[in-house]
Amino acid sequence: MAKQSKKVKTNAVRILDGERVYYELMEYDVNDGLVDGISVAEKTGQAVGTVYKTLVTIAGPRELFIFLVPVALELDLKKAARAAVVKKLDMLPLKELTKETGYVRGGCSAVGMKKAYPTFIDKSAESLDRIIVSAGKPGLQMKLIPAELARVTEASFYDIVKD
């Protein structure tokens with residue numbers, strides 16, 4: 001359960017509370033428009049290697065897959081397709097993000113999307129005590145144990161970043 005002074009209730013936070021997952025919430029200012037992962041790491045005072053971005057991909061007309069990778073690295077779409085056992089993946093167009101996930105850019109969380117999509121976390125997270133991911137809205141991050149995030153999202157760990 002959250003360690004914080006005021007309770008922010010996003011869908012992701014409600015789900016973690018319901019699953020009795022310990023997490024810490026971190027808020028940061030979004031008024032400057034900088035919601036990219038490296039800016040988020042700087043604003044929250046966290047090591048860049050511990051902050052992960054949530055990327056939504058699409059295979060075929062409507063099959064979505066979610067990937068979490070360190071913010072300073074790039075998703076390798078070929079490795080991601082192998083992990084998802086599909087021929088080819090493309091990034092979901094940004095204009096479709098909210099319709100498909102319920103989240104907006106800068107606030108997309110693997111926890112609490114409109115539907116449960118197959119989710120993959122880069123294997124680098126397994127060696128970390130905690131990772132930081134979006135808590136479901138711009139300006140809000142959550143820090144939690146990677147294995148707990150994997151359990152709640154039914155995610156698998158794979159090598160999915162570009163070499």
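**Note on the predicted model: pockets, strands and selected residues**

1. The largest pocket has a lining of 23 residues, and those nearest its centre are K53, T54, L55, R105 and G106. The model is a predicted one. The space within this largest pocket comes to about 520 Å³.

2. Two elements deserve mention in the lining of the largest pocket: α2 (37-44) and β3 (52-59) each contribute at least two residues. Strand β3 gives the most, with five residues. Sorted by class, the lining of the largest pocket comprises 14 nonpolar, six polar and three charged residues.

3. The second largest pocket holds about 210 Å³ of space. Its lining is made up of 14 residues, and A110, A116, Y117, V152 and T153 are the closest to its centre. The classes here are nine nonpolar, three polar and two charged residues.

4. How is the N-terminal end of α2 capped? The cap is D36, which has a side-chain oxygen 3.3 Å from the backbone nitrogen of I38. The residue that follows α2 is G45, and its phi is positive, near 70°.

5. Together β7 and β8 form a hairpin that has two residues between the strands, and G139 in the turn has a positive phi of about 95°. Strand β7 (residues 131-137) is mostly covered, since six of its seven residues are buried.

6. A separate point concerns an open sheet of five strands. Its order is β5-β3-β4-β6-β9, and the pairing is mixed.

7. The pairing of β4 (residues 63-70) with β6 is parallel and rests on three bridges. Here I66 has T119 in β6 as its bridge partner. On the β9 side, β6 and β9 (residues 156-158) likewise pair in the parallel sense, over three bridges, and D122 stands opposite Y158 in β9.

8. Which way do the side chains of β6 point, and are they buried or exposed? In β6 (residues 119-122), T119 and I121 point one way while F120 and D122 point the other way, and all are buried. In a regular strand, side chains alternate between the two faces of the sheet.

9. Residue K95 is placed in the loop between β5 and α4 (97-101). Its relative accessibility is 75%, so K95 counts as exposed. The C-alpha atom of K95 lies 29 Å from that of Q46, a residue 49 places away along the chain.

10. The other lysine, K79, belongs to helix α3 (residues 77-84). Is K79 buried or exposed? Its relative accessibility is 11%, below the 20% limit for burial, and K79 therefore counts as buried. Apart from neighbours within four places in sequence, K79 is in contact with D159, I160, V161 and D163. With D163 there is also a polar contact of 2.9 Å between the two side chains.

How values were computed
Residues numbered from 1 in each chain as written. Predicted model: local features only at pLDDT ≥ 70, side-chain atom pairs only at ≥ 80, totals over all residues. Heavy atoms only, no water. 1 Å grid on protein atoms, 1.4 Å probe; cavity = no way out; pocket = protein on both sides within 12 Å on 5 of 7 lines; lining within 4 Å. Points joined across faces, edges and corners; volume = space filled by probe spheres on them. Helix = DSSP H or I, 4+ residues; strand = E, 2+ residues; numbered from the N terminus. Nonpolar A, V, L, I, M, F, W, Y, C, P; charged D, E, K, R; others polar. Polar contact = N/O pair within 3.5 Å; in protein donor to acceptor, adjacent residues only side chain to side chain. Buried < 20%, exposed > 50% of the residue type's maximum accessible area, 1.4 Å probe, protein only. Pairing = 2+ DSSP bridges. Contact = heavy atoms within 4.5 Å.
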